[in-house]
Amino acid sequence: MEERKYGAISFLPLIIFLALYIGSGLYFTFMGAESAFSKFPRHVALLIGIVIALLMNKTMKLDKKIDIFCENAGNSGVIIIGLIYLLAGGFQGAAKAMGGVESVVNMGLTFIPSSLLVPGVFAISSFISTAIGTSMGTVAAMAPIAIGVAEAANLNLPLTCAAVIGGAYFGDNLSMISDTTISAAKGVGSEMKDKFRMNFLIALPAAIVAIIMYWALGGTGVITGEHNFEIIRVIPYIIVLGAALAGFNVCGVLFTGIVMSGLIGIFEGTITILDNRVITKKYGKYFMDSIPTKNINILSRSEILKDISKSVKGGK
């Protein structure tokens, strides 16, 4: 492989990392925020620097770049699992922050018949788990909502909780972005699509039997109230799931999902940047309040001196 020399620009990822981490820390310190350097986590700044480095050589495939990064960072298998784990957690957090979980659940509850509520909970939990690649994260996000639905609709509560857990494990077993799935496939040298096909054949019969039992034993109920959802908040899940199934690089897919979730959240106002609530000291608030929101009049040198002269005479 021919090495490409970038010169001074090769320091760009490091400069971006330092600018983001140290710059944000100094900014929040000046604003008077507590734990100023933790407001912008250093591993997030480091990840952005890594992404910049991966984007620099456009002639090399992303898979090859990530392989080189993992090999030089330590044990390749361990590093890739850790990287995917971080990205999956980032996507889960970003999607939840912009309201993705609530939209997926509410959309499912809107269209699922009252006689299939418990199987519907299983299906929703499976979809979320397959999209984000973590069963524990799915249970943490789905359990409070499912319990509320079961209590409101007078459903079998233990069976509803079982549907959440079963769906989460079923989805995680099939997910193409699950860290355990990737480590298992890499450990035996198989392709991800082959593992997905085999997992699907093994897990699908059990899922079908479980859905039938949930339908037979779960009971029926009527959910009252409105279940509003925004379809745009569901799009990141669909994109990540579809791209992973299509065979795109898992790290690239997860990072794309994080960026999409963040942009949607900022656009809809569910995610804010540099929230004023972190400011605790008076001079920080004065600084924020002093930022002009209207046009600024630029005075000439003579006008400035005239104003100073008037101020001095008025002071006397």
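Serine 129 is buried, at a relative accessible area of 0%; buried means under 20%, exposed over 50%, and partly exposed in between, with a 1.4 Å probe and protein chains only. The model is predicted: local features need pLDDT of at least 70, side-chain atom pairs count only at pLDDT 80 or more, and totals for chains, interfaces and linings use all residues. Residues are numbered from 1 along each chain as its sequence is written, and side-chain values use heavy atoms, with hydrogens and water left out.

The protein has 14 helices and 0 strands. Helices (H or I, at least four residues) and strands (E, at least two) are DSSP runs, numbered from the N terminus. Of the 316 residues, 36% are buried. Contact means heavy atoms within 4.5 Å. Among contacts between residues at least 6 apart in sequence, 72% join residues at least 24 apart.

Not counting residues up to four places away in sequence, serine 129 touches Thr134, Ser135, Thr138, Gly167, Ala168, Gly171, Asp172 and Ser175. On that basis, serine 24 touches Ala19, Ala36 and Phe40.

Helix α6 also packs against α5 (residues 100–111). Their axes are 10 Å apart, at an angle of about 145°. Axes are lines fitted to C-alpha atoms over the stretch in contact, and angles run from 0 to 180 degrees between N-to-C directions. Val101, Val104, Val105, Gly108 and Leu109 in α5 meet Leu117, Ile124, Phe127 and Ile128 in α6. These residues divide into 8 nonpolar, 1 polar and no charged.

The largest nonpolar core has 57 residues. Such a core is a set of buried Ala, Val, Leu, Ile, Met, Phe, Trp, Tyr and Cys residues joined through side-chain atoms within 4.5 Å. Helix α6 gives the most to this core, with 8 residues. Ile128, Tyr237 and Leu254 have the most contacts inside the core. Beyond its neighbours within four places in sequence, tyrosine 237 contacts residues including Val101, Val104, Phe127 and Ile128.

Definitions and conventions: Nonpolar A, V, L, I, M, F, W, Y, C, P; charged D, E, K, R; others polar.
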